[in-house]
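Me: Got a model I'd like to go through with you. Can we take it piece by piece?

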Amino acid sequence: MIDYRDATIADGPALDAMARKIWLETFGHSASPDDIALYVAEAFGPQGRLIASLADPAHKIRLAVSDTAIAGFAKLSPLWLTDPAIAAGAQQLSQLYVAQAWHGRGVAQALMAWTIDTARQSGASALVLTVWEDNHRAKAFYDRYGFVHIGDYAFPTGTQIDRDLIMQLML
């Protein structure tokens with residue numbers, strides 16, 4: 001059984017450990033060990049961006065929790081992308097992660113429904129995200145919701161630059 005709730009600062013260590021694990025499982029093969037280590041040190045850990053966003057009310061993080069373990073999460077953020085094709089008034093889905101054990105069980109769909117509803121309720125005109133061009137599973141998921149590729153983003157993984165697709169869903 002999954003319970004959905006907003007994340008709190010107290011969730012930081014468990015959320016960070018879960019996100020780091022999923023990121024490494026998904027992307028750990030995509031760059032050199034040194035570049036992976038550089039990215040992980042910046043994104044995760046006590047001083048990482050994920051934990052810092054828990055203390056910033058501009059970010060909204062929704063958790064999917066099974067017993068005491070985090071099965072997934074979605075992070076809705078103010079727009080930080082600058083592509084001119086992005087609709088004025090858009091918000092950004094910064095992260096949507098689901099643990100492998102919960103793939104295919106509706107967790108991602110519930111988190112996406114929350115993200116879209118929350119963005120709409122805040123008056124956003126669109127929802128944008130980035131997805132690595134080689135993450136075919138995620139791209140297919142976003143396609144099913146009607147997200148459209150509108151541009152590219154140079155995503156730094158350490159010193160390596162990867163191509164992420166900027167995708168947008170008009171609300």
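Me: Where does Ile 166 lie?
Reply: Ile 166 lies in strand 7. Helices (H or I, at least four residues) and strands (E, at least two) are DSSP runs, numbered from the N terminus.

Me: What should I know about the model and the numbering?
Reply: This is a predicted model, where local features need pLDDT of at least 70 and side-chain atom pairs count only at pLDDT 80 or more, while totals for chains, interfaces and linings use all residues. Residues are numbered from 1 along each chain as its sequence is written, and side-chain values use heavy atoms, with hydrogens and water left out.

Me: Is Ile 166 buried or exposed?
Reply: Ile 166 counts as buried, because its relative accessibility is 2%. Buried means under 20% relative accessible area, exposed over 50%, and partly exposed in between, with a 1.4 Å probe and protein chains only.

Me: Which residues is Ile 166 in contact with?
Reply: Leaving aside neighbours within four places in sequence, the list includes Leu 81, Asp 83, Ile 86, Leu 129 and Thr 130. Val 148, His 149, Ile 150, Gly 151, Asp 152 and Tyr 153 are also among the contacts of Ile 166. Contact means heavy atoms within 4.5 Å.

Me: Why use a probe at all?
Reply: Rolling a probe the size of a water molecule over the atoms shows where empty space is left.

Me: Which residues lie nearest the centre of the largest pocket?
Reply: Phe 27, Leu 96, Tyr 97, Asn 135 and Tyr 142. The lining has 42 residues, each with an atom within 4 Å of a point.

Me: Which strand gives the most to that lining?
Reply: Strand 4 (residues 91–98), with six residues.

Me: How does the lining divide by type?
Reply: Into 21 nonpolar, 13 polar and eight charged residues. Ala, Val, Leu, Ile, Met, Phe, Trp, Tyr, Cys and Pro count as nonpolar, Asp, Glu, Lys and Arg as charged, and the others, Gly among them, as polar.

Me: Phe 27 again. What lies 2.6 Å from its backbone oxygen?
Reply: A polar atom of the Ser 30 side chain. Ser 30 sits in the loop between helix 1 (12–27) and helix 2 (33–43). At 16% relative accessibility, Ser 30 counts as buried. Beyond four places in sequence, Ser 30 is in contact with Ile 36, Trp 132 and Gln 160.

Me: On to helix 2. Which of its residues are buried?
Reply: Asp 35, Ile 36, Tyr 39, Val 40 and Ala 43. They are on the same side of helix 2, because they cover an arc of only 130° around the axis. That arc is taken from the directions from the helix axis to the C-beta atoms.

Me: What do those buried residues pack against?
Reply: Helix 1, helix 3 (49–54), strand 6 (148–157) and strand 7 (160–170).

Me: And what's on the face turned away?
Reply: The exposed residues Pro 33, Asp 34 and Ala 41.

Me: Zoom in on Val 40. What is it in contact with?
Reply: Leaving out neighbours within four places, Val 40 is in contact with Arg 20, Trp 23 and Leu 24. The C-alpha atoms of Val 40 and Trp 23 are 8.6 Å apart. Val 40 has a relative accessible area of 10%.

Me: What comes just after helix 2?
Reply: Gly 45, with a positive phi of about 95°. Asp 16 touches Gly 45, and also Ala 43, Phe 44, Leu 50 and Ile 51, not counting residues up to four places away. Asp 16 lies in helix 1 and is buried, with a relative accessible area of 6%.

Me: Last stop, Ala 64. Buried or exposed?
Reply: Ala 64 is buried, at 0% relative accessible area. It is found in strand 2 (residues 60–66). Its contacts include Ile 2, Tyr 4, Ala 69 and Leu 111.

Me: And how exposed is Ala 69?
Reply: Ala 69 counts as partly exposed, at 44% relative accessibility. Ala 69 is in strand 3 (residues 69–78).

Definitions and conventions
A polar contact is a pair of N or O atoms within 3.5 Å; within protein, one must be able to donate a hydrogen and the other to accept it, and residues adjacent in sequence count only if both atoms are side-chain atoms. On a 1 Å grid over the protein atoms alone, a cavity is a set of points where a 1.4 Å probe fits but cannot get out, and a pocket is an open set with protein on both sides within 12 Å along at least five of seven lines; lining residues have an atom within 4 Å of a point.
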